[in-house]
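This briefing walks through a structure with its ligand, topic by topic. Please keep the sequence and the model at hand while reading.

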Amino acid sequence: MRKMTAIAVLLASTPLAAGAQDRVLNIYNWSDYIAEDTIEKFEEEFDATVNYDVYDSNEVLEARLFAGNSGFDIVVPTSDFLRRQVDAGIYQELDYDLLPNAENMDADLMEAASVYDADNAHSVIYMWGTTGIGYNTAMVEERLGADAPTDSWALVFDPEIAAQLADCGITMLDAPTEMIPAAMNYLGLDPRSTDQADMEAGAELIESVREHVRYFHSSQYISDLANGDVCVSVGWSGDVFQALYRAEEAENGVEIAYVIPEEGALQWFDLMAIPADAPNPELAHEFINFVMRPEITADITNYVWYANANEASLELVDEEITSDPGIFPTEAASERLWAAQVYDARVDRTINRLWTQVKTGQ
Ligand code: N2P
């Protein structure tokens, strides 16, 4: 008996046992943003335990990161937020020697992302998409007729039109840095403007339709659209497609469409990065490299309906996805897309103050 205890103590203190305990990876990612089996596959192959937590707001992620000691090894901010966070020094540089699969990435898209992180020194693209409109085709037609302006932001920003859709449910993202520029764009202003008067005009427009908006939330709309509980959502491309697909699966008669409005839309990148104080940066690199395998990224895109920047993965992505202009925009549509503006702390405070005003009406 005493001997067995001695062996157990000895085993527990061997480097091997300690190493296994250390193979814990803390990931903080967007909700509805990974394939069902990605984490399980990684855990098995890499003998690791993953704590996987989710958010649906860049502001929430940023607050956790800026508070320090977040304990996260991998986070996935959107490009413009990443830039401010890189400038604040909260990420570590990636060691590309540990990321041989980076060669699978699309050079043009990585270059576009380098505007937010010079030389992609701290981040690689996870997925990308657009912020457009998802709608229930039948409900909208019922209320607005066959020539409803379904390819326009008028659907949500024109008070007369929004009033007619209010009963079936309009929702907007709780994302000030995406909603206010979309409203500015609809008004004919530059969506990338940081001029206070322009931002105020955008906020005022949203306030003018606020009474017709059922809620501001950035993930609830997926199931609500799928179930026919709301009819028009300003949403993220892949999330609307997930709603469309869920409705199809449920055979509940709900038909959803996603549109990049003719006036234009935001195109964003979400990127994987490792906080400077990450407990396990080595394992974090292993995870990033794992995700950059063509088949792993393809699995994710096939499950979440978001475009990725992994060129080598595309031949493994369902044709239904690669050929959908809502997911991979046509060249003509791409010309109408704008890239996220980076706000400094002052502009960021302005936009957040305006947003509180929009949501609470004061
Ligand atoms: C996934 C949302 C990711 C898009 N649900 C936000 N950039």
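This is a predicted model: local features need pLDDT of at least 70, side-chain atom pairs count only at pLDDT 80 or more; totals for chains, interfaces and linings use all residues.

In which helix is Glu160 found? Glu160 is found in helix α9, and the account of that helix is taken up again below.

**Ligand site**

- The ligand is surrounded by Trp30, Ser31, Asp32, Tyr33, Thr78, Trp236, Asp239, Trp268, Asp270 and Tyr306, and the residues of this shell divide into five nonpolar, two polar and three charged.
- The space that the ligand takes up is the largest cavity.

**Helix α10**

- Helix α10, which spans residues 176-186, is largely enclosed by the rest of the structure, because 10 of its 11 residues are buried.
- After α10 comes Gly188, whose phi is positive, near 90°.

**Buried polar side chains and their contacts**

- Thr301 is found in helix α15, which covers residues 294-304, and its relative accessibility is 0%, so that Thr301 counts as buried, the cut-off being under 20%.
- The side chain of Thr301 makes a polar contact of 2.8 Å with the side chain of Asn308.
- Asn26 has its place in strand β1, residues 24-30, where Asn26 is buried with a relative accessible area of 17%.
- A polar atom in the side chain of Asn26 lies 3.3 Å from the backbone oxygen of Gly71.

**Loop residues, including positive phi values**

- Asn120 lies in the loop between α6 (107-113) and β4 (123-136), and has a positive phi of about 50° although it is not a glycine.
- With a relative accessibility of 11%, Asn120 counts as buried.
- Glu251, in the loop between α13 (237-250) and β8 (256-259), is a residue other than glycine with a positive phi, near 50°.
- At 71% relative accessibility, Glu251 counts as exposed, because the value is over 50%.
- Ala278 is placed in the loop between β9 (265-273) and α14 (281-291), and a relative accessibility of 10% makes Ala278 count as buried.
- Ala278 and Leu99 are 179 residues apart along the chain, and their C-alpha atoms are separated by 17 Å.

- The C-alpha atoms of Glu160 and Val209 are separated by 8.7 Å, although the two residues stand 49 residues apart along the chain.
- Gln164 also lies in helix α9, whose residues are 159-165, and Gln164 is partly exposed, with a relative accessible area of 40%.
- Between Gln164 and His212, which are 48 residues apart along the chain, the C-alpha separation is 8.6 Å.
- An α-helix has 3.6 residues a turn, so residues three or four places apart point the same way.
- Ser223 lies in helix α12, residues 221-227, and at 25% relative accessibility Ser223 counts as partly exposed, since this value falls between the cut-offs of 20% and 50%.
- Ser223 and Ala247 are 24 residues apart in sequence, and the distance from C-alpha to C-alpha is 8.8 Å.

Definitions and conventions. Residues are numbered from 1 along each chain as its sequence is written. Side-chain values use heavy atoms; hydrogens and water are left out. A residue is near a molecule or strand if one of its heavy atoms lies within 4 Å of it. On a 1 Å grid over the protein atoms alone, a cavity is a set of points where a 1.4 Å probe fits but cannot get out, and a pocket is an open set with protein on both sides within 12 Å along at least five of seven lines; lining residues have an atom within 4 Å of a point. A molecule sits in a cavity or pocket if more than half of its atoms lie within 2 Å of its grid points. Ala, Val, Leu, Ile, Met, Phe, Trp, Tyr, Cys and Pro count as nonpolar, Asp, Glu, Lys and Arg as charged, and the others, Gly among them, as polar. Helices (H or I, at least four residues) and strands (E, at least two) are DSSP runs, numbered from the N terminus. Buried means under 20% relative accessible area, exposed over 50%, partly exposed in between (1.4 Å probe, protein chains only). A polar contact is a pair of N or O atoms within 3.5 Å; within protein, one must be able to donate a hydrogen and the other to accept it, and residues adjacent in sequence count only if both atoms are side-chain atoms.
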